[in-house]
Amino acid sequence: MIAATDPIAPVLSAYGWQAADCKVSSLGGGLINHTWQVDTGAGRFVLQRINHTVFTEPAVIDDNLRYLHEYVQATAPDYRLPFPVAATDGRTLVHIPEAGYYRVLPFVPDTHTIDVVSDAGLAYAAARQFAGFTKVLTGFDVTQLRPSIPHFHHLRLRFNQFEQACKQGNPDRIRESAELIRQLQGGYALVEQFDAFVRDPACRQRVMHHDTKISNVLFDSADQAVCVIDLDTVMPGYFFSDIGDMFRTYSCPVSEEESDFSKIMVRADICAAIETAYLEGMNDALTPTERTHLLYSGECLIYMQAIRFLTDFLNDDVYYGARYPGHNLVRAGNQAVLLEQFQAYRKSR
Ligand code: GN1
Ligand code: MG
């Protein structure tokens, strides 16, 4: 039960719910937004507070999702995506001064999320979902969308931010991570390949999800994928973001949080399942250039995540936060090992 004085109470009342009738509990393990499950007299919903420091213009997310919702309703009404629910005044984004920006999403019943991919079947099911997502939106005019985080997966920009942190970040942390800094600076060829890819006139902007971790897919009790969730970073981008982040997050049996790096490995059967499912799901929608960059996608996204974590470590954890000293250094080191393993896998192909 929520007290009338709880900061969330005015949010609930914007949706016509009495705080005293609601039960609210934390949901999910996202690093950026805060998510709750809300049980109201009118049923169960998902409530989210948008991290306003990361998503500096929450209205951009709201507009993007409205355009996509209208498009999906008109062109693929049976395609399931959890779009925001309207408050009593019709808005799908509620701003409560001092408390922040909130929105409510439908709760999809009889589903659960998975944190680590245990077998190739799950990887296949999730990759089909994310391919289906981009495929359904292939005809959508991508110029209608604005970036909710400008240059989000722009490797050149991420590399520049990394270089800047290496010069202007916390000097103690720069010393502490000198070896990893050197190792990751050695991955510069990936940045040049990125530049070449985006300069190629055959490279088109698509509607990408940009956060294809397995916990962003809902599964039913038979482990069949039902739909994708977490649409805040849905924006124009390059094809490699989604398949690349699947290679990054599904191929390894342990997550980016693992500090025992000896457990980090790349499972070839999972990579093959991702590739097969993505190609099947996108079928002719991928261009020949994109097809030649399937495995580059994995390297690019793993490398990008490694330098994002290390940049944040050097900048005193302002973006991702840290639950223990050196947390982002561990995450960055983890991703650097994963990159080596993925590059070895790529060579073996
Ligand atoms: C963030 O908040 P979450 O867990 O959905 C991040 C992703 C990273 C991920 C790493 C907006 O996602 O880009 O890949 O952490 N999202 C944002 O776990 O920065
Ligand atoms: Mg996310």
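This note comments on the aromatic rings of the structure and their surroundings.

1. The model under discussion is predicted. It contains 18 aromatic pairs, and the points below consider some of them.

2. Tryptophan 36 and tyrosine 102 form one of these pairs. Their ring centres are 6.3 Å apart and their planes meet at 25°, so the pair is stacked; the angle has to be under 30 degrees for that term to apply.

3. A tilted pair is formed by phenylalanine 159 and tyrosine 188, with 5.0 Å from centre to centre and 55° between the planes. Phenylalanine 159 is part of helix H4 (residues 155-168), whereas tyrosine 188 is part of helix H7 (residues 188-199), so the pair ties together parts 29 residues apart in sequence.

4. The accessibility of these two residues should be read separately. Phenylalanine 159 counts as buried because its relative accessibility is 6%, while tyrosine 188, at 28%, counts as partly exposed.

5. Ring pairs also join into a cluster, which links Phe194, Phe197, Tyr238, Phe239, Phe240 and Tyr296.

6. Finally, a charged residue accompanies one ring: arginine 44 lies over the face of phenylalanine 107, at 5.3 Å from the ring centre.

Notes: Residues are numbered from 1 along each chain as its sequence is written. Chains are lettered from A and ligands numbered from 1 in the order in which they are written. This is a predicted model: local features need pLDDT of at least 70, side-chain atom pairs count only at pLDDT 80 or more; totals for chains, interfaces and linings use all residues. Side-chain values use heavy atoms; hydrogens and water are left out. Rings of Phe, Tyr and Trp (its six-membered ring) pair if their centres lie within 6.5 Å; planes under 30 degrees apart count as stacked, over 60 as edge-to-face and the rest as tilted. Helices (H or I, at least four residues) and strands (E, at least two) are DSSP runs, numbered from the N terminus. Buried means under 20% relative accessible area, exposed over 50%, partly exposed in between (1.4 Å probe, protein chains only). A charge sits over a ring if NZ of Lys or CZ of Arg is within 6 Å of the ring centre and within 35 degrees of the ring normal.
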